[in-house]
Amino acid sequence: MESKYIGLILAICSSLLIGVSFVITKKGLQQCSSDSQAFASDSHKYLKSPVWWIGLITMVGGELLNFIGYTFAPAILITPLGALSVIIGAILATVFLKERLGIIGIIGCLLSLIGAVIIILHAPEDPQVDSVEELVSYMIQPGFLVYSVAVVVTTVIMIWKVVPRWGKKKVMVYVTICSLVGSLSVMAIKAFGIAVRLTIEGNNQFKQPSTYVFAFMCVVSILTQVNYFNKALDTFSTSLPCT
């Protein structure tokens with residue numbers, strides 16, 4: 001079986017787990033909010049909820065499959081399959097959380113699915129990478145550096161200025177933060193995944209400082225996304241932040 005098909009299978013399984021985790025996590029947040037009569041994400045009370053932890057573990061399992069998938073297939077092929085988790089999460093939310101999926105949510109799910117199919121059908125081949133240093137050479141190109149700085153600056157401004165004012169009113173605030181940070185985490189996860197694969201194949205990449213930089217970027221980006229995604233789930237209907 002070609003490596004890209006292995007990556008596709010892993011990504012599909014990942015989307016199933018992540019879609020289920022949305023609903024479990026939301027259920028845990030709801031339980032904590034009902035007990036305290038406030039948003040559980042503000043005080044991080046959800047950390048004491050077993051249901052929330054089950055949701056987190058399910059999500060981590062899905063992300064691990066995604067992580068492994070990045071080592072077998074191009075990021076442009078793996079990432080769009082996240083649209084499946086959107087649809088799964090929205091459907092399960094209507095069944096188990098009794099949330100109503102409106103016309104906007106349905107259109108959002110359909111557009112996500114159509115976009116994912118188009119990208120997958122026209123995804124380019126992943127270039128052969130033989131070392132982490134080669135990845136670094138791609139990431140220090142002026143275009144990527146400018147984009148990275150713009151993402152970091154925009155994210156900091158949103159966390160500092162926008163979240164306190166509009167976070168509880170506009171779902172796009174939390175979703176935008178997750179999306180911006182996620183755009184960089186895709187590259188970091190891809191890079192760290194390739195470093196692990198090359199090391200397993202006998203070409204030790206953990207002698208390179210850049211490998212640890214990628215690992216640190218993965219941890220920071222994932223923690224940031226989990227925090228603000230929980231706030232979005234806690235504040236709004238499941239189908240909105242997922243879409």
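Patches are made of residues with over 30% relative accessible area and no salt bridge, with like charges joined within 9 Å and nonpolar side chains (Val, Leu, Ile, Met, Phe, Trp, Tyr) within 5 Å. Keep that in mind for a later stop. The model on your screen is predicted, so local features need pLDDT of at least 70 and side-chain atom pairs count only at pLDDT 80 or more, while totals for chains, interfaces and linings use all residues. Numbering starts from 1 along each chain as its sequence is written, and side-chain values use heavy atoms, with hydrogens and water left out.

**The whole chain**

Start with a cartoon view. The protein has eleven helices and zero strands; both are DSSP runs numbered from the N terminus, helices being H or I of at least four residues and strands E of at least two. Next, colour by accessibility: of the 243 residues, 44% are buried. Here buried means under 20% relative accessible area, exposed over 50%, and partly exposed in between, with a 1.4 Å probe and protein chains only.

**Helix α1**

Select Ile6, which sits in helix α1 (residues 3–36). Ile6 is partly exposed, at 28% relative accessibility.

Move to α3 (50–70). Among the buried residues of α3 are Trp52, Leu56, Met59, Phe67 and Tyr70.

Then pick helix α5 (residues 82–96), whose 15 residues should span 21 Å, in agreement with the 21 Å between its end C-alpha atoms. Buried residues in α5 include Val86, Ile87, Ile88 and Ala93. Just after α5, click Lys98 and check its backbone: phi is positive, about 60 degrees.

**The surface patch**

Now for the patch promised above. Select Ile103, Ile104, Ile106, Ile107, Leu110, Leu111, Ile114 and Ile118, a nonpolar patch on the surface with about 810 Å² of accessible area together. Areas come from the Shrake-Rupley method with a 1.4 Å probe, and for residues only the protein chains shown count as cover. Zoom in on Ile106, which belongs to helix α6 (residues 103–121) and is partly exposed at 37% relative accessibility. An α-helix has 3.6 residues a turn, so residues three or four places apart point the same way.

**The nonpolar cores**

Go inside next. A nonpolar core is a set of buried Ala, Val, Leu, Ile, Met, Phe, Trp, Tyr and Cys residues joined through side-chain atoms within 4.5 Å. In the largest one, of 26 residues, select Met158, Val163, Tyr174, Ile177, Tyr228 and Phe229, which touch the most other members. Helices α1, α3, α8 (142–166), α9 (171–200) and α10 (209–235) each supply at least two residues of this core, and α9 gives the largest share, nine residues. Apart from this core lies another, of 23 residues, including Tyr70, Val132, Leu135 and Phe214.

**Salt bridge and cysteines**

For the last stop, show Glu201 and Arg197, whose side chains meet in a salt bridge at 3.4 Å, N to O. A search of the whole structure finds one salt bridge, meaning a side-chain nitrogen of Lys or Arg within 4 Å of a carboxyl oxygen of Asp or Glu. Glu201 is exposed, at 56% relative accessible area, whereas Arg197 is partly exposed, at 22%.

Finally, select the cysteines Cys13 and Cys109. Cys13 is partly exposed, with 34% relative accessible area, and Cys109 is buried, with 8%. The structure holds zero disulfides, a disulfide being a pair of cysteine sulfur atoms within 2.5 Å.

Conventions. The expected span of a helix is 1.5 Å times one less than its number of residues.
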